[in-house]
Amino acid sequence: MARLVIVSNRVPIPKARGASAGGLAVALRDLLTPGTMWFGWSGRLSSEPAVEPAIVEARGVTYATIDLTSEAYRGFYVGFSNGALWPLLHFRLGLMHFRREDYDCYLSVNRSFAESLATVLQPDDTLWAHDYHMIPLGRMLREQGFHGPLGFFLHIPFAPPSMMEALPVARELIADLCAFDLVGFQTEEHARDFRDCAQRMLGATVQGEWVRLNGRSMRAFADPIGIDAESFRQDAVRAVNDKLVQRVAGSLAGRALAIGVDRMDYSKGLPQRFEALARLLEKHPEHRRRVHFLQICPRSREEVDEYRKLRAELDRLTGRVNGRFSEFDWTPLRYSTRAAPRTTLAGLYRIGRIGVVTPLRDGMNLVAKEFIAAQDEGDPGVLILSKFAGAAHELTEALIVNPFDPDAIADAMHLALTMPAPDRKDRHSALVEKVFRTTAHAYCQRFIEALSQVKASSVPRAAA
Ligand code: GDG
């Protein structure tokens with residue numbers, strides 16, 4: 001196959017030995033064979049970034065990165081990507097802050113990416129760009145004369161036309177997505193929303209998964225992301241020896257552990273989840289002193305106002321729940337904003353009786369899959385899953401809840417805490433089969449294969 005060039009906002013350059021890889025690096029691990037290139041932002045700010053990327057080679061993979069100015073970072077990353085696109089695509093119109101200057105900055109950073117990429121791209125490369133920061137990149141590369149296959153994957157949800165229309169530059173962004181040969185979404189619902197937007201807002205012709213606009217065709221399909229289930233399971237088994245896991249297990253003193261793991265983000269439904277715990281203890285006092293809820297919640301995007309407000313709200317709610325229900329030797333809610341090492345996390349899932357995954361909207365949600373992979377199949381825990389997470393389209397044997405309804409989450413917690421072992425095992429065996437089938441490996445293979453096919457059929461004959 002031609003050389004693969006992966007593009008994403010942040011580039012996970014492997015660090016010192018033993019450091020664990022981030023989410024996207026784990027998902028794309030199978031593709032990081034010698035010869036591959038990964039291009040994107042270095043994570044550094046500098047006053048005059050160079051056009052030519054800095055190159056680091058590790059295990060045969062070339063990592064090419066550029067710096068951003070602090071002004072570009074504010075407009076492109078904080079402003080348009082996380083202040084406008086993220087809330088819009090998570091159905092939070094009230095939190096969307098659109099500023100034309102931020103959008104201009106978003107375009108100009110994408111243009112810098114395209115110009116910098118042009119210095120390292122080879123004509124027969126295949127390019128796969130990731131996520132909402134990079135939507136205009138495909139069109140810009142085409143304008144620079146790149147003819148190779150162009151793929152894009154959106155990790156977060158898409159929105160239907162009625163919602164997309166609220167963004168003043170939605171038509172431009174949808175047209176930009178159409179400039180790729182292949183666009184992957186987490187679920188068929190998101191893919192369909194995109195095709196509907198292309199049809200209704202741009203007048204494109206849609207046939208099945210194909211979208212035809214201005215004389216060229218592209219494909220928009222669902223390619224659900226997964227985890228490396230086997231290695232995660234092994235981590236979880238090994239983590240019985242992890243000191244922190246042992247300390248947490250000891251501190252439970254026989255009580256059930258309910259666990260939530262989320263970046264601190266308003267899309268994850270954390271206040272409703274904390275409220276649900278209070279409802280559980282109120283409606284079912286028999287669970288008082290018998291359950292601990294552990295919420296691991298690493299801080300994220302604190303440059304954006306909404307994220308700082310969320311932190312203050314969670315601090316307040318934690319105080320309220322614990323103030324109301326704690327006893328001298330029992331605290332119902334433990335909440336930490338520190339990140340846990342990956343193996344520790346796997347071990348904590350394994351000792352969890354309930355995994356609580358209740359985002360208000362989520363592209364996929366890998367925590368749901370990790371929780372399932374980590375369970376002891378002889379005595380598995382129960383997954384409570386939001387109907388608005390992409391994962392709910394596959395993991396139908398979880399206890400599916402409406403995350404806006406703390407009472408419904410509380411009822412699911414009660415059901416999970418009282419579920420007999422045979423029921424837990426039945427649900428788990430159906431779920432684990434799915435998590436081991438729709439893995440990260442399967443996700444990558446499906447995308448790369450679709451990209452190799454789509455190009456052949458979408459290039460106009462004269463140009464082929
Ligand atoms: C986006 C989409 C989509 C969390 N806390 C710790 C930690 N994590 C890890 C989890 C999981 C990952 O971070 C989070 O992934 P999610 O899928 O849950 O959510 P997003 O970060 O919002 O990711 C999402 C995903 O992209 C992939 O396409 O599923 O819908 O929003 O792997 O385990 N890892 C460690 N310590 C922590 O404290 N080590």
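This is a predicted model: local features need pLDDT of at least 70, side-chain atom pairs count only at pLDDT 80 or more; totals for chains, interfaces and linings use all residues.
Entry 1: I looked up the domain assignment for the protein chain. Domain 1 covers 4-226 + 442-456, and domain 2 covers 229-437. I then checked the spacing: the C-alpha centres of domain 1 and domain 2 are 31 Å apart. Domain 1 puts 27 residues into the contact, and domain 2 puts in 22 residues.

**Entry 2: buried area.** About 1900 Å² is buried between domain 1 and domain 2, with 58% of it from carbon and sulfur atoms. Which residues of domain 1 lose the most area to domain 2? I found Trp86, Arg92 and Leu95, which together make up 24% of what the domain 1 side buries.

**Entry 3: polar links.** I counted 1 salt bridge between domain 1 and domain 2. I also looked up a salt bridge between the side chains of Arg361 and Glu189, at 3.2 Å from N to O. For polar contacts, I got 8 residue pairs between domain 1 and domain 2, both partners at pLDDT 80 or more.

**Entry 4: the domain 1 side.** I wanted to know what this side is built from. Helices α2 (70-89) and α7 (188-202) each bring at least two residues to the side that touches domain 2. The top contributor there is α2, with 7 residues. Sorted by class, I have 15 nonpolar, 9 polar and 3 charged residues on the side of domain 1 that touches domain 2.

Notes:
Residues are numbered from 1 along each chain as its sequence is written. Side-chain values use heavy atoms; hydrogens and water are left out. Domain bounds come from an automatic or database domain assignment. Contact means heavy atoms within 4.5 Å. Buried area is the accessible area (1.4 Å probe) that two parts lose on being put together, summed over both. A salt bridge is a side-chain nitrogen of Lys or Arg within 4 Å of a carboxyl oxygen of Asp or Glu. A polar contact is a pair of N or O atoms within 3.5 Å; within protein, one must be able to donate a hydrogen and the other to accept it, and residues adjacent in sequence count only if both atoms are side-chain atoms. Helices (H or I, at least four residues) and strands (E, at least two) are DSSP runs, numbered from the N terminus. Ala, Val, Leu, Ile, Met, Phe, Trp, Tyr, Cys and Pro count as nonpolar, Asp, Glu, Lys and Arg as charged, and the others, Gly among them, as polar.
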